[in-house]
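Dear colleague,

Please find the structure below, together with a summary of what was found in it.

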Amino acid sequence: MERPRSALPPGVLSMHVLPADHHDRDWDSIIVPRQVKERLLAQALLVLQHGRKLSMLSGLPHGLIVLAGPPGTGKTTMARGLAQVAALALARQGATCLLEINPHAFPSDMLGESQRNVTRLLTETVPEIAARRPFTVVLIDEVESFAVRRSTASFEANPVDVHRATDAVLLGIDEIAKNLPSVLFVTTTNFIEAVDEAFLSRADLVMRFALPDRETTAAILGSSISEVAVQWPALLPLTRDAARLSELAALCEGWDGRRLRKLILAALAQRLDVARDPAKLSWDDLFSAARKKGGVEWAGGAAPTSRELFPDVPKELMHDHDHGHGPHEHGHGAHKHTHTHPKDDEPHSHS
Ligand SMILES: Nc1ncnc2c1ncn2[C@@H]1O[C@H](COP(=O)(O)OP(=O)(O)O)[C@@H](O)[C@H]1O
Ligand SMILES: [Mg+2]
């Protein structure tokens, strides 16, 4: 049994034991040249499976993979998928633990605190978890805030503290490479220029992700439509029209994978009719959304009022004007509103 989320060690976002059924999708959903996936998997297996022997080499692997490239190009998804596929390959030799680190948990206002936290993570938490299963993959997303480039570190945070925290990361990675050679770090960054040079030089593989080309764009669009067609099979013919798909792809030059997948959502929301019955999605909707650049639009002209749009909602379906705060309401069949105010999920202001 894994610990419940609330009891995860500090700085750890999640912990999964792999392979697991519901983790297959990530790897399959990212469309990249075949060699990219093969190279990543080979690198991961080399370290996980043979790390102990390789750690005898003078040029020992650090068990560190860096996925770098623009936002929305599939790095995080690929990192998770890689952990699952490596775990599948190794399943007969034992389970793999995937540990996701929250790099934003480390910078701190308190002098010396970031360094202490990083050191605790790499010298206590990771080794303790690595001892439980034969294989461990540590995913550090947005690693530029974890291994901050010391030569350019200049922001409000105490630069001495940033230095020491990055030093602690390097020290920790070196120790793990020596003592726990079958731990693999998979890290991602949107901003490789901000990652410390000494950290990058420890990477066994830096894989650069690029924006998808025309052909890949068409494939991503096709795959996104297919996913919608699983729910609304009437849309299957759309997925078979390669000529239209490639025409659509031409309108999406320079888009990243995330934006391409969102195009389908924007297309489904071009017309009310389609939003209410996605089976009615047409090529026109897709082209129209692409011409408007997906979900980014300008509002103009007068829109109909809510009652003009929906004049015929029966009175029984209208809820009380009541937000459910008082103890008195006995609403006749009407649902109450409940307002929740999550306090601990406030977004950080890193940008
Ligand atoms: N090459 C790609 N092929 C298919 N889907 C992609 C690709 N790149 C990105 N996506 C989709 O975009 C979304 C964001 O991907 P993510 O892994 O978070 O990107 P990143 O970490 O690079 O910002 C995911 O839903 C993913 O499926
Ligand atoms: Mg990401």
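Helices (H or I, at least four residues) and strands (E, at least two) are DSSP runs, numbered from the N terminus. This is a predicted model, in which local features need pLDDT of at least 70 and side-chain atom pairs count only at pLDDT 80 or more, while totals for chains, interfaces and linings use all residues. Residues are numbered from 1 along each chain as its sequence is written, chains are lettered from A and ligands numbered from 1 in the order in which they are written, and side-chain values use heavy atoms, with hydrogens and water left out.

Two points of backbone geometry come first. The peptide bond joining Leu 18 and Pro 19 is cis, with omega of about 0°; Pro 19 belongs to the loop between E1 and helix H1 (24-29). Glu 142, in the loop between E4 and helix H5 (159-179), has a positive phi of about 50° although it is not a glycine. Most residues other than glycine have a negative phi, and most peptide bonds are trans.

Next, the sheet. It is open and mixed, with 6 strands in the order E1-E3-E4-E5-E2-E6; strands pair if DSSP finds at least two bridges between them. Strand E1 (12-18) and strand E6 (205-208) are the edge strands, each pairing on one side only. On average, neighbouring strands are turned by 15° against each other, direction ignored; axes are lines fitted to C-alpha atoms, for helices over the stretch in contact, and angles run from 0 to 180 degrees between N-to-C directions. Strands E3 (residues 96-101) and E4 (residues 135-140) pair in the parallel sense over 6 bridges, and Thr 96 stands opposite Phe 135 in E4. Helix H4 (residues 113-130) packs on this sheet and touches E1, E3, E4 and strand E5 (183-189), contact meaning heavy atoms within 4.5 Å. The direction of H4 makes about 150° with that of E3.

Finally, ligand 1. There are 15 residues around ligand 1 (a heavy atom within 4 Å), and Ile 31, Gly 72, Lys 75, Thr 76 and Thr 77 come nearest. Helix H3 (75-90) and helix H10 (257-268) each supply at least two residues of this shell. Oxygen atoms of ligand 1 lie 3.0 Å from a side-chain N or O atom of Arg 258 and 3.2 Å from one of Arg 261. The protein covers 85% of the 560 Å² of accessible area that ligand 1 has on its own (Shrake-Rupley method, 1.4 Å probe).

Yours sincerely

Note on methods: Polar contact = N/O pair within 3.5 Å; in protein donor to acceptor, adjacent residues only side chain to side chain.
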